[in-house]
Amino acid sequence: MEYGHFSKDNLEYIITRPDTPTPWINYLGNSEYCAMISNTAGGYSFHIDPRNRRITRYRYNSLPIDRPGRYIYIRDSKTGEYWSPTWQPTLTKLDRYECRHGLGYTKFSSSFSGIDSDVTYFVPVDHNLEIWTLTLKNTSSEDVYLKILSYSEFSLWDATRDQNDLQSIQFVGISRYNEGVILYHFFDESTGYAFFASSEKIESYDCNRECFIGKYRDESNPEAVERGGCSRSEAIGGNPIAATCSSVSLKPMESKTIIYVQGVAREKSEVKSLVAKFIDKGNVDSEFQKLRGHWSSYLGKMNVETEDSDFNTMVNVWNQYQCRVTFDWSRYVSFYETGIGRGMGFRDCCQDILGVVHAFPERVRQRIIDLAKVQFENGRVYHIYFPLTGEGGFPYYVKKDMPFFSDDHLWLILAVAEYVKETGDFSIIGEEVSFVEGPAATIYEHMQQSISFAQSKMGNHSLPLLGTADWNDPLSIPGPNNAAESVFAAMLLHKALLELAELSNESGMSREAQEYLDLAKKTKNHLNKITWDGSWYIRAFDDSGEPIGSKNCEEGRIFLNTQSWSVLSGIAVNARGQKSMDSVKEYLDTKHGLALLAPTYSRYHSEIGALTSYAPGLKENGSIWSHANAWAIIAECMLGRGNQAYEYYKKLAPPARNSIAEIRKSEPYVYAQTIAGVDHPSFGEAKQSWLTGTAAWMMKAATNWIVGVRPQYHGLLIDPCVPTSWRSFRMTRQFRGTIYDIVFSNPKSVSKGIEDIHVDGRPFETNLLPVFSDGKMHKISVTMGQSFSKK
């Protein structure tokens, strides 16, 4: 069953019925002001930090679902009938409904009782506010007289207190109407101001939720809407809102546009100037075009043309768009993450960098510096940090006597290496950043300390101690000895050592480079000696030294990540990488993707921990973890098995699941974190969409490994691994100020291999394209085959 489709240019996803299986959402924002909105106008807004600067409310996991939001009510003054052009919250059966989620905006078009309504929501590129534009058209043959009411419910700024400290927080908020603007602030005005205004004359207003909604009612049937006007209430304490009422009369075929503005400002004088600017339709139209131009420029840095329209749609538009959202907000705030306790994850941010570094390297550089600020002098890092204050922290489940995650600190090395390969900016490794409670050190020294910390926390098998966990957070493996060890973290350590060795060598530090290479060799030999289980690599050692993810385990016999990472990290020797991935295909493959482990755990195992508290087939207990599937795709490309890599890619590609929306349930235009596994009754149902490391890694899988164009320190490496059915494809990519227009032909229907390369019409001897540094476009033709000798 389909609930919508992509526009012809793929820049919009068009939802054609409002009752989607879950709220299908969009992120509107400019990296400071964020407004999440669903396909029925549910959602909320915040400024910089959803924990400390929550502007409007949203009630998670509540009934009715997806409330409140940015609501408009239209009331016929003759009949008293009313409806919402976004379907919610009145749930009126509309004559026509359409929601278009675009890049930084959402548009609704609907009809009811002879009135056409178009509503557009967006956040300007450079201002901390959101704009709602409502256009009404009378398509009937009679004059109509309408009351138009708007509704927005303010949060009490501090989202934690707003939900948990009602005995105090309910007595500090002030919301009042003054000279055409509803102004909301704390009594001491320490928070600054939130504001709401309209371009239409406001006849009445409400600033108090109870006065607008009424007792024992909700947003679907407010008293103010039923009576056709607000009560001019104020909120002095209690639940502040912004509700307005205006009258509109329309002759047959006449149209009318109303603009609403909601935002934040530090000073009252700023509010006045912002309102004056943005209730002007000309300025609003100009800002919307600026927004469109902003996204066109962002997406223009990389483009592919292949024989697969779903692949093109994701790589050119929606995967890049999702990567930008995950870079801005990590895993902090969504319709599934409340934006209160989790913060910005250290490992998450390091990985999110991979999906956007080609598009805005200057912001990636600053993010790396910000991440280094939450590293301790011994190399340990905070697991999370909060963007408004910069403070770091750990989640509630951190082990008090093992307050670290075995992988966190190592991701910094991969992030820095990727940035330098993309930009050629070696200066970043000399940038000085202070440790937490410690002296300043260069980024290079921060990376060195990451390795030192890993080396200082080794267990009985000379593998990294698990600490609280590794990438798989609920794989906590508790025990009295705190002796659990992570094979995954050891593989990541090997990859980090190779990356740091190469970066050291490129920076003229050959002695350090050799030290890291020697350590990598030792790590590789050791892992192959003690973690190879015959057909795959084990996952970990528990507190008593027993293997997890072994052929001898009754449940949790094979784990996906140590198979894919044996290849990604370069650990696998001889044919072990291929054999590991063959085992993945045999034991973990399903019609909806690769399971994270098998068999699932059917009961709680105290020696394994929190992972086994999940129901079979959900979350880390055998679900299809999308992030880990991306690693498997890369591994298959590294093995040269393009058909297998592409098969796995297609199983996860959201557009390819559009026709089974009743099964998948989440948005068919972005990746979700997890998909219910085969052992769960909801097999195939995607959960927790948008904010997932899948976005960045799928972008890398598609562009760096399937299309096969990878930044290196001295150029772009051409190394495609495609399905044999692709006869031709193309990538246009900006790299260090130059445009590379790369056209591939595959006349022999191979998956991997290159016969020849021509650059600007001339034969080229290697598959490493140079850094041209001339600001021009260069034409590259690549013929795939088997005889080309790669550099």
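I looked up helix H10 (residues 411–423) and helix H12 (residues 487–506): their axes come within 9 Å and cross at roughly 35°. Axes here are lines fitted to C-alpha atoms, for helices over the stretch in contact, with angles from 0 to 180 degrees between N-to-C directions. Helices (H or I, at least four residues) and strands (E, at least two) are DSSP runs, numbered from the N terminus.

I noted that this is a predicted model, where local features need pLDDT of at least 70, side-chain atom pairs count only at pLDDT 80 or more, and totals for chains, interfaces and linings use all residues. Residues are numbered from 1 along each chain as its sequence is written, and side-chain values use heavy atoms, without hydrogens and water.

Which residues of H10 meet H12? I found Trp-411, Leu-414 and Lys-421 among those in H10, and Phe-488, Glu-499 and Leu-503 among those in H12; contact means heavy atoms within 4.5 Å. The residues of this contact divide into 11 nonpolar, no polar and four charged. Ala, Val, Leu, Ile, Met, Phe, Trp, Tyr, Cys and Pro count as nonpolar, Asp, Glu, Lys and Arg as charged, and the others, Gly among them, as polar.

Next I checked a sheet. Three strands form an open, antiparallel sheet in the order E27-E28-E29; strands pair if DSSP finds at least two bridges between them. Strands E27 (485–486) and E29 (547–548) each have a single partner strand, so one side of each lacks a neighbour in the sheet. Glu-485 has Phe-541 in E28 as its bridge partner.

Last, I counted 19 helices and 44 strands in the protein chain.
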